[in-house]
Amino acid sequence: MIKNYLKIAIRQLQKQKLYAAIKIGGFALGIAACLLIGLYIRDELSFDRSYPDTDRIYRVVGYYNIDGKTEKGTDWPAPMGKALKSDFPEVEVSGRLMPNSLFEKAGSNEVRRADQEQNSYEQGFTYADQEMLDILQLPMLYGKREIALKEPLTMVISKRKADKYFPGKNPVGQVMYLNNDKTKPYRIGGVMQNIPETSHLRKFDFLLTLKGVEFYQGEQNNWNASNYPDYIKLRPGTNIAQFEKKISHDIIKTYYLPIMTKDGMKDAEKQAVKFSLHLQNVADINLYSYDIYDNTPHGDVRFIWLFGAVAGFILVIACINFVNLSTAKSANRAKEVGLRKAVGSYRSSLINQFLAESIVYSILSFVIGIILAWVLLPYFNTLASKTLSMPWHQWWLTPFLIAAAFIVGIAAGLYPAFYLSGFKPVQVLKGSISTGSKNSILRNSLVVFQFSASIILIICTLVIYNQTQFILNKKVGFDKDQVVVIQGTNTLGDKNVKSFKNELLKLSSVKNVSISDYLPVNGSKRNGNTFYNEARTKLDAGVYGQYWQIDDTYLKTMGMKLVEGRNFSYTMAADTQGAAIINQTMAKKLNLKNPIGKRITNGYAKLTVIGVVQDFNFESMRDHIGPIVLNFGLSPSIVSVKIGSSDIKNTLSNIITVWKKYSPEQPIRYTFLDEQFANMYADVQRTGHIFTSFAVLAIIIACLGLFALSAFMAEQRSKEIGIRKVLGATISNITALLSFDFVKPVFIAILIASPIAWWAMNKWLQDFAYKIPISWWIFVLSATLAMAIALLTVSFQSIKAALMNPVKSLKSE
């Protein structure tokens, strides 16, 4: 019997090649999209699950309520790690990282072997306690994990860096210099396996020991500065909820409150209530840190839900097409059903027959869909910034795909099977198949669903595109164009970097040059401090803001505008000993109505305000402009060069020539500031590209469904059309008549999709402090596009039906 079902299914496929191709093609596109999204979701869900005892490893996260908004962060004071281990028996091990590039050798460095002269630029440096190796139990290729970071001036490197600098050798015991600093030679204590790409720590290739490190006097005992992410491994059986309450209460009471009281904070108790400690399991870091400031690249569980929903919609749309195409060609199967019933066939056997056909179509679609997914995977990887691969060697892949093909085939084939097997033999053999087909509510509802999903994606795509363009072209308070950012200039030394700057200024095509590691784009150095109006230090709450070191040409190089006071100057000795320029937001937050000459402090330095700079965006536009204090000093790792707009190629060549004069053994590294600015919003652009791709795919599949419905309606109304033509109706009259029937479900889809898309995009835009309004024209354009695409799709069948000879449709009457 099964063999007979398969034979009939194959005959039907060969008999109706066009419709079979549309069925299988639409199905295959939907399946390919689902497979790609499934690979993405699987990858995101697999993060940080490779460590032994993952369920006992936690990161400490701080919550602080500021004006009704909860700020979350992962940086803690240096002595916090020690306190967690010594004060709480539930903690088996505690360890710290220190990846903050504010401190020397964290972030990136110029690196070389001690026996070589050529430097190489490397990123991925972080300081780490020996205990971090114990907590994560990172597998080692060379050296003993238990002692790899025990000694001062030791480091652990990844396998890929060991292969780069010591190919084919065991590098343990070898020495490397960072930034040409021969006073601190780093000895390699071990080589670890590359940290998996599915780890939130994947960017780290160099772990520098924290043993014997103190970044300034008393730093390791200072509870007022927070720069260390802390990790703990709890003992088995620890109650997480109770332990969270315990550490939150005890740490604040034992350490923070005494410090706050000692510093003269009058409302210390009140401020402490706003603060709490929480634990985040390491496996949750990737997907549940979208609202935590941790300076770590990670995913977002909201996108997992979104992409999962999109995958579900696309698969449902593909199944809808199958249903519509099957019912659209019902007339071709009606006589077959009537004859088989007349000779004694049961309805159950007919249902089995049609389900078998559906499963055959599904299996063929899955085969093509898998091939499509494999072919499109490189494009999808670029789109999603991933390195996904097809899991061909996984044991579960084949059983999963076979089961999915059967389930999808049965799900898609149930309605057509019951619908087609329900024809009554007497009416079918008399030439009528109207029974059971007059009610078009279901089919029209399916088209409404398809086009609703497509229109939602079109609207989302347009909103995301416009928001991206708004961000990239908005005036941000500085001039990001034509600024060359030269990196790694700290290796020149303080004296030579100033000479390098002066040499660049001699070039006719160079307008200005500045020395400062602090740039108004993500990825450059940051230094958060709490500032007070010195006259009201013990009366007012502090204002948290950035504290940057810049030189006297920084503002001109960046095109920033002073609105009060003056710029820094080397000719004024007082400027190098405590002058500051603040932005308008800092002046407002500190309630400085006439800020020039006022004194501010961060608890360490006392600064006199000599100028106020116009507010500029120095972080993502997801956030409002924050307070900032600019201090006169030397921060020599980056030199920014403002160049003229003509002959950029020749200007860069001249800059490189000057660089080689000062650093012949180190290749120059440079980028453009506008590129770094655009990279801040790469995730927004990726989201836009993904939505565009899904929108196009959904429209294609929806149009296949509409094509099916138009074929069905033309088939059902063939006699009506014949009578109308006999009575004098023109081709244009009939085409308009048939087309109007498809305008209605699309119009309903527009009404349904528009509020849903508005709500979704309004929620998405809430992540941005600076955003576009969702304009009416976006909905009009989306509706127009949907309507035009629908009319173009159905016009083929409408015109074909209108051109049909009425004799053919009426000859049986």
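A nonpolar core is taken here as a set of buried Ala, Val, Leu, Ile, Met, Phe, Trp, Tyr and Cys residues joined through side-chain atoms within 4.5 Å. In this predicted model, the largest such core takes in 141 residues, and the members that touch the most others are Phe-451, Trp-548, Leu-630 and Phe-677. The biggest contributor is helix H13, spanning residues 441-473, which puts in 15 residues. As a general point, nonpolar side chains in soluble globular proteins tend to be buried together.

Phe-677 is worth a look on its own. Leaving aside residues up to four places away in sequence, Phe-677 touches Ile-471, Leu-472, Val-476, Phe-478, Lys-480, Val-521 and Met-621.

Zooming out, the protein is built from 23 helices and 24 strands. Its C-alpha trace spans about 105 × 60 × 55 Å along the principal axes. Of its 813 residues, 53% count as buried. Among contacts with a separation of 6 or more, 78% come from residues 24 or more positions apart.

Next, the cysteines. How many disulfides does the structure hold? The count is zero. Cys-460 is in no disulfide, and the nearest cysteine sulfur, which belongs to Cys-34, sits 18 Å away. A disulfide calls for a pair of cysteine sulfur atoms within 2.5 Å, so a gap of 18 Å rules out that pairing. Are these two cysteines buried or exposed? Cys-34 counts as buried because its relative accessibility, 18%, falls under the 20% cut-off. Cys-460 is buried as well, at 4% relative accessibility.

Finally, there is Asn-502, which is found in helix H14, made up of residues 494-505. Its relative accessible area is 44%, so Asn-502 is partly exposed, a label that covers values between the 20% limit for buried and the 50% limit for exposed.

How values were computed: Residues are numbered from 1 along each chain as its sequence is written. This is a predicted model: local features need pLDDT of at least 70, side-chain atom pairs count only at pLDDT 80 or more; totals for chains, interfaces and linings use all residues. Side-chain values use heavy atoms; hydrogens and water are left out. Helices (H or I, at least four residues) and strands (E, at least two) are DSSP runs, numbered from the N terminus. Buried means under 20% relative accessible area, exposed over 50%, partly exposed in between (1.4 Å probe, protein chains only). Contact means heavy atoms within 4.5 Å.
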